[in-house]
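Reader: Could we go through this protein together? I would like to begin with the whole chain and then look at one strand.

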Amino acid sequence: MRKSDSIYWKHQLWIVLLSLAITSAFTYTALYDGLKNYFNDTVQYLSSEEKYFTDSVVVDVNDSSLKILQKDFGHWPYTRDKYALIIEFLQSMGVKNIVFDIKFVDPRVGDNIFKSTVNKYNNIFFVTSALYEDIPISVDEKKKLEQMAWSKDSNIPALRYSSLLLPHESVFSTNTIYKLGITAVSEDRDGLIRFIPLLYSVDSNILPSLLLRVKSPNIDIPKLNYNSNTNELTVNDKTWNVDKENRVKLFYPKNANSIISIPFYKITEVALNKKSISNKDFLKDKTVFIGSSAFLSDRISTPRGAMSGSYLLAIAYESLKNNLIVKTDNKVLNSILLLIAVLFSFYLSSRKEIYNKKVFVVTSLTIVAVFLYGFISLKYFYLETNLFFSLLVIIFSIMFTVINYQLSLSKYNQKLIEETKKLYNEANCDTLTTLLNRRGFDEQYRKYKEIIAKTNSSQTACLAVMDLDHFKSVNDTYGHDIGDIVLQKFGKLLKEQLRDIDVPARWGGEEFVILLRNTTIDESIIVLNRVRELCEQMQIQTPQGQLTVTISIGVTHIEDLNETIDLYVKKADIGLYQAKQSGRNRVCIS
């Protein structure tokens, strides 16, 4: 497209607005959530590092443990005195905390031993499950909820549940209720766990997650503060960035084996003195998570693959401890990203040429810059930007710009075609009759010769020259305007009545020529006589009344196409002269 053709490409504000509107509307779809989560997971994986946490250990009651320990512990589920044995062993190893990811909801043999053992230590914690089911809460359960609660402030956002699945009273007493924490998690639409709740709301009580219980092990209720402007939750002196339901987003390590996992039977064999442990300090000052993955009963899906709930708890615990939490509400960073996308959209939509090196370089650099901006923010500052949204705005801008450019280019090309056609008609056609003029007729004769030469055809052709009889008297009697009407009517007659293969043209004044292709002289006479007779019968309506005209025709056979058309026009003129001399209104061969 020439620079002078700027009329065909203007600044397109609608591209910017439509890109923003389509992207915004797309955010309300499930497809957007799926693509965004996949994109963010990929960026997080690329920006994360391998980590090997040393402060946590997962003890897994797996299928192998159930089989190996069957002789010593019997069938699963085990009697509670077996857990008391494990607690005493772990305490002797100097562990920092013991977290049971096992629900003790029914009475079982050994509960009294287990209960007394739990009461001895303040570093043992247990999970309780939150329930969506609308189960009536008894007066006794309401009291327990109030004892467990950290607040009743309705302004503090939290995941809402109807009730709790509390451990059986044979296991816990009122003075140990503070050791319970909730572990219910909410999956994203794709079924993956990315967020871990810190607070829950049950019957207007704000209850802590198990993670916060472990971080606040004392019976004293910590001080809670939620800042709705910054989406920050403060528990005593610790502050985390949370979403509108007080959930934190985990920044998963790149490796899936970031937490040490030990089968339950190995710990048990040492506790039963069947085996010894070489490193006596292996468990010292560690938080031990005890759970079961047997029968795949506790498997959840995460962006790093499937893992047990206990393993996820350990990762979440280490993430909180090491501040590996993704901050998801970054209005300033998101505004900058969106501004870059909008400025690029303005830039691209205003280009007269989009298929050139400069535009390609700018587009590539913008996409790379936006991606690196989001990547660096996440990798070094744990700030998750709305990178996917901004990239979508850029992509839609490119798409709509290309579509608009192609449409504009198509319109431009169509206009060029029309202008070229107009110029061709002006150069090759008679403006009065719209038949070919001499130049146009010569061009058609040349093309016809080329076709015959390429196909080695033996076609014959004829050339006719015709003249309106007494046309000068029409002009003299009625004026040139009436003469022009007569010429127009006759030109129309030629276009309508001649065969498709014939090529008529106005040679000058009232003289016309016809190239009769693929036609013998006898066939030509038939065609020309039909035209002559139709002309004689034609009633020409004019402002000065009805007129009739006749024509005289001379025709000749084109014997050699290599000869010029002027030669055969002269030969046909001889026939025309004969027709005039013979009384007009006839066809003569020369």
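Reader: What percentage of the contacts in the protein with a separation of 6 or more is between residues 24 or more positions apart?

Author: The model is a predicted one. In it, 76% of the contacts with a separation of 6 or more join residues 24 or more positions apart.

Reader: And what is the radius of gyration of the protein?

Author: The protein has a radius of gyration of 47 Å, whereas a compact globule of 590 residues would have one near 25 Å. Its C-alpha trace spans about 140 × 50 × 45 Å along the principal axes.

Reader: How many helices and strands are there?

Author: The secondary structure comes to 18 helices and 25 strands.

Reader: Let us turn to β19. Are its residues buried or exposed?

Author: Strand β19, residues 461-468, is mostly covered, with eight of its eight residues buried.

Reader: Which residues point one way from β19, and which the other way?

Author: A461, L463, V465 and D467 point one way, while C462, A464, M466 and L468 point the other way. Both sets are buried.

Reader: Which strands pair with β19?

Author: β19 pairs with β24, residues 551-558, in the antiparallel sense over eight bridges. It also pairs with β21, residues 511-516, in the antiparallel sense over six bridges.

Methods: Residues numbered from 1 in each chain as written. Predicted model: local features only at pLDDT ≥ 70, side-chain atom pairs only at ≥ 80, totals over all residues. Heavy atoms only, no water. Buried < 20%, exposed > 50% of the residue type's maximum accessible area, 1.4 Å probe, protein only. Helix = DSSP H or I, 4+ residues; strand = E, 2+ residues; numbered from the N terminus. Pairing = 2+ DSSP bridges. Rg over C-alpha atoms; globule rule 2.2 N^0.38 Å. Contact = heavy atoms within 4.5 Å.
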